[in-house]
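I opened this notebook to keep track of what I looked up. The entries follow the order in which I went through the structure.

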Amino acid sequence: MVHLEQLATGLDALHLFFYVPLVLPGLLGLAAPRLADRLEPRAATWLLAGSAVVLAGGSTVALGVLVLAGLIRVPLLAFLGHWSLSSVQQADPVSKAEAALAAVLLAVVAVAAARLLRRRVRALVEAGFEAACLPGAGDYVVIDDPAPEAYALPGHPGRPGRIVVSSGMLAALDEDEREVLIAHERTHLRAHHYAFVAVAHLAAAANPLLRPVCTAVAYTVERWADETAASACGDRRRAARAVGKAALAAKHGPPSRNPATALGIRGDGLRGAGPVPRRVAADAER
């Protein structure tokens with residue numbers, strides 16, 4: 001068993017080290033918009049989402065270490081661990097105030113992450129049931145709704161997801177533009193973009209400094225879908241016009257409450273969720 005004197009000496013050396021994971025997410029948050037705009041969208045999505053998970057995990061562990069450093073000051077725990085309480089009080093660099101603050105922060109982020117995870121899982125289940133109940137056997141279904149709308153619904157294990165497009169959206173687009181829109185939504189579905197968005201939001205729940213990463217990932221998955229749609233149709237300008245036209249049509253419709261909205265997998269700011277990606281808008285203007 002490691003003696004408390006050795007643990008206390010280690011804590012003194014690592015005191016500042018365990019604060020580093022708490023602030024590193026802020027650097028990623030500052031860099032996220034630039035990375036999202038400059039990197040290839042698929043690479044940017046993986047990099048941002050993966051980095052967010054690692055940094056969120058690191059900050060959570062750091063909070064746990066600070067809490068543990070405070071707990072070993074408790075006489076009963078020191079006795080049970082065969083530690084010298086006097087040595088802890090002399091050598092432990094973590095104050096009671098720091099440990100108490102870390103405990104509060106750890107509890108807050110744990111509750112926030114648990115609530116967000118619960119909402120995401122419920123939305124995913126609802127999306128799967130909705131996809132299974134839609135008519136037809138293919139991955140693309142048209143619903144009779146005058147409101148311009150298009151979204152991807154992930155399915156349950158063993159059941160494919162579905163692409164849903166309203167009759168109102170089809171009426172707003174010509175045949176070529178419809179193909180671009182379907183290719184865009186199919187990319188969201190097949191690349192599991194909802195998972196990247198969910199991971200970024202869970203990381204931000206664990207460390208609020210990562211919130212800019214959520215916006216960046218939402219942007220990169222749209223760029224990813226845009227690039228795939230452009231490759232499918234072979235004309236970037238036509239793809240940009242189609243995406244922009246669909247987004248503008250959807251902004252005039254009422255807010256949607258379908259599960260795809262909660263999963264963050266709606267395309268290109270539909271329903272006013274955000275602007276058309278900058279690169280798409282630039283291509284449309286050329």
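**Confidence first**

I am working with a predicted model. I looked up the confidence of the protein chain: its mean pLDDT is 77, and 72% of its residues reach 70 or more. I then went through the elements and found the lowest mean pLDDT, 43, in helix α13 (residues 278–285). The highest, 92, belongs to helix α9 (residues 193–206). I also noted that pLDDT stays under 50 over residues 266–286. For that stretch the model has 61 contacts beyond four places in sequence.

**The chain as a whole**

I counted the secondary structure of the protein chain and got 13 helices and 3 strands. Of its 286 residues, 45% are buried. I checked the contacts with a separation of 6 or more, and 70% of them join residues 24 or more positions apart. The chain exposes about 14,500 Å², and carbon and sulfur atoms supply 65% of that area.

**The record**

I looked in UniProt, where the entry is unreviewed, and found "transmembrane region" listed for residues 16–35, 47–79 and 99–117. I took residues 99–117 and compared the listing with the model. The span is 100% helix and 0% strand, and its end C-alpha atoms lie 26 Å apart.

**Aromatic rings**

I searched for aromatic pairs next, and the count comes to 2. In one of them, Trp46 and Phe196 are edge-to-face, with 4.9 Å centre to centre and 85° between the planes. I placed Trp46 in helix α3 (residues 41–71) and Phe196 in helix α9, so this pair ties together parts that are 150 residues apart in sequence.

Trp46, in contrast, is exposed, at a relative accessible area of 54%.

Phe196 also pairs with Trp224: the ring centres are 5.8 Å apart and the planes stand at 55°, so I recorded this pair as tilted. The cut-off matters here, because only planes over 60 degrees apart count as edge-to-face. Phe196 lies in helix α9 and Trp224 in helix α10 (residues 211–233), so the pair ties together parts that are 28 residues apart in sequence. I looked up Trp224 as well, and at 6% relative accessibility this residue counts as buried.

How values were computed:
Residues are numbered from 1 along each chain as its sequence is written. This is a predicted model: local features need pLDDT of at least 70, side-chain atom pairs count only at pLDDT 80 or more; totals for chains, interfaces and linings use all residues. Side-chain values use heavy atoms; hydrogens and water are left out. UniProt positions are given in the numbering used here, feature names are shortened, and annotations may be inferred rather than shown by experiment. Helices (H or I, at least four residues) and strands (E, at least two) are DSSP runs, numbered from the N terminus. pLDDT is the predictor's confidence in each residue, from 0 to 100. Contact means heavy atoms within 4.5 Å. Rings of Phe, Tyr and Trp (its six-membered ring) pair if their centres lie within 6.5 Å; planes under 30 degrees apart count as stacked, over 60 as edge-to-face and the rest as tilted. Buried means under 20% relative accessible area, exposed over 50%, partly exposed in between (1.4 Å probe, protein chains only). Accessible areas come from the Shrake-Rupley method with a 1.4 Å probe; for residues, only the protein chains shown count as cover.
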